[in-house]
Amino acid sequence: IEKQKFVYVMNRDAANKLTISSPLEAHKSETLIFSVVGVDVGFDNPVFAMIEMEYTEADQDPSGEAAQDVEKKLTYYELD
């Protein structure tokens, strides 16, 4: 399981060569990610949609009941 997330912005320079930015940190603790997709926003800032589950309460409950109530959430992230 990955504990750290990094985002790389990819662009084209004046010579039409692909350039990749330095990594940007996008960490979120105690969260499992099931899926990540890029959202087509034209020329606006890049947007990514993720299906996530926060497991903080489920991890601290020894009975396992909290794990049954955990919900997955659709989250959008926008790069500036």
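Glu52 sits in strand E6 (strands, E, of at least two residues, and helices, H or I, of at least four, are DSSP runs numbered from the N terminus). The model is a predicted one, in which local features need pLDDT of at least 70 and side-chain atom pairs count only at pLDDT 80 or more, while totals for chains, interfaces and linings use all residues. Residues are numbered from 1 along each chain as its sequence is written, and side-chain values use heavy atoms, with hydrogens and water left out.

With a relative accessible area of 4%, Glu52 is buried (buried is under 20%, exposed over 50%, and partly exposed in between, for a 1.4 Å probe and protein chains only). Beyond its neighbours within four places in sequence, Glu52 has contacts with residues including Lys5, Lys28, Glu71 and Tyr77, where contact means heavy atoms within 4.5 Å.

Next come two residues found in loops. Asn16 is not a glycine, yet its phi is positive, at about 65°. Asn16 belongs to the loop between strand E2 (10–12) and strand E3 (18–20), and its relative accessibility of 53% makes it exposed. Glu30, again not a glycine, has a positive phi of about 50°. The loop that holds Glu30 runs between strand E4 (24–25) and strand E5 (31–39). Is Glu30 exposed or partly exposed? Glu30 counts as partly exposed, because its relative accessibility is 33%.
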